[in-house]
Amino acid sequence: MRFARTVPAALAAVTALTLLTGCGTSQADTTDGADTSVTVRIPDPGNSGVLALGKKDGSLAKALAKVGAKVAWTGSAGPFAPAAQAMNADKLDIAIGSITSGITSLQQNPGFKFFTATAPDPVGEGILVKNGSGIDRVQDLVGKKVAVNQGGTGEYLLLKALDKAGVPADRVERVYLQADQTAAVFNAGQVDAWASWATYSVAEVGGGKAHFLTDGQQIGSDNYSLTAVRTGFADQHPDVVKALYAYLHDGSVKEKQDPAAYLNVNTDAGPQALTGAAKQVQIDYTGKDGTVEPVTDADVRRFQEVARFYADQKVTPTEVDVTPYVIDVTKLS
């Protein structure tokens, strides 16, 4: 279950902090008769995924009511960087993003910690190229323009692919774009490739005009999907964090077994919906995806490898220490 991997691009086109924190769009889930004195603020999940279904059928509200909590859906799920800023500003309690974006966000006096990990997406992330582009291997990217989101999944995937192929990073031009702005640029031929993930790759692959030059598994990606919680919230309400973890874990197991049940939760038409080939692509991706799990010591070592790689590649000025910003959810009490 991943915000960044299971929603259509139209739902993830959120880059402004105000969309994550605007109180005018908040909506609380409640359970009649329950004492829900704690409010946990979570970005609205849109039309797909475990939280979307949990919002619609009321199961998340019931699970949290057991520990005296309710949800305020605040803004929309989108890039992790503005969500991290919102948590730092005490405007948001929960957000989901990649370890790559997480590492760059950890450089700036973070007020959040990670409490779940989902294994790297083996098939839904990678480097997209147009069918018939003549780009058949990573080495063919030399002298080409590749769209990436700076400091996040896209830049990481490109740099990892180049490193594995023995291609110096400076021989490929990185074009820094916000992820939600990239499809138009890519389809207009203004860049030659796009390092992307399932939120955006589903539409491109499903449209039949693009394919992965190399995917996450072939790249050797350690790009985990993580759930972050505002540090102050975790300190004050560990029981709520544990309950949320349990809900996300159980939901992710069910979603992997029956991906279609978690698509088009609210509508099967319009820009929010997945239809046709794109829907089938998403089903296939989710069926091969990981499940939400506690963060283990082995995971943290892989996170640190990503941080070291980022420092080596000059994405960050120094190696970020991830360890202080991880919670073992199994030990919360």
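K288 sits in the loop that links helix 14 (residues 276–287) to helix 15 (297–312), where helices (H or I, at least four residues) and strands (E, at least two) are DSSP runs numbered from the N terminus. The model is a predicted one, in which local features need pLDDT of at least 70 and side-chain atom pairs count only at pLDDT 80 or more, while totals for chains, interfaces and linings use all residues. Residues are numbered from 1 along each chain as its sequence is written, and side-chain values use heavy atoms, with hydrogens and water left out.

With a relative accessible area of 52%, K288 is exposed; the cut-offs are under 20% for buried, over 50% for exposed and partly exposed in between, using a 1.4 Å probe and protein chains only. Setting aside neighbours within four places in sequence, K288 touches P122, V123 and K256, contact being heavy atoms within 4.5 Å. For V123, 165 residues away along the chain, the C-alpha separation from K288 is 7.6 Å.

On to helix 15. Its end C-alpha atoms are 23 Å apart, which agrees with the 22 Å that its 16 residues should span at 1.5 Å a residue, the expected span being 1.5 Å times one less than the number of residues. Buried here are D299, V300, F303, Q304, V306, A307, F309, Y310 and A311. Their cover includes helix 7 (99–105), strand 5 (112–118), helix 8 (153–165) and strand 11 (225–230).

Helix 8 packs on helix 15 at about 80°, axes 11 Å apart; axes are lines fitted to C-alpha atoms, for helices over the stretch in contact, and angles run from 0 to 180 degrees between N-to-C directions. The pair is therefore roughly perpendicular (65 to 115 degrees; under 35 is roughly parallel, over 145 roughly antiparallel, and the rest oblique). Y156, L159, K160 and D163 of helix 8 meet V306, F309 and Y310 of helix 15. By class, that contact has five nonpolar, no polar and two charged residues (Ala, Val, Leu, Ile, Met, Phe, Trp, Tyr, Cys and Pro are nonpolar, Asp, Glu, Lys and Arg charged, and the others, Gly among them, polar).

Helix 14 has a packing partner too: helix 10 (residues 198–206), at about 130° with axes 8 Å apart. That makes helix 10 oblique to helix 14. A198, S201, V202, V205 and G206 of helix 10 meet A277, A278, V281, Q282 and Y285 of helix 14, giving seven nonpolar, three polar and no charged residues.
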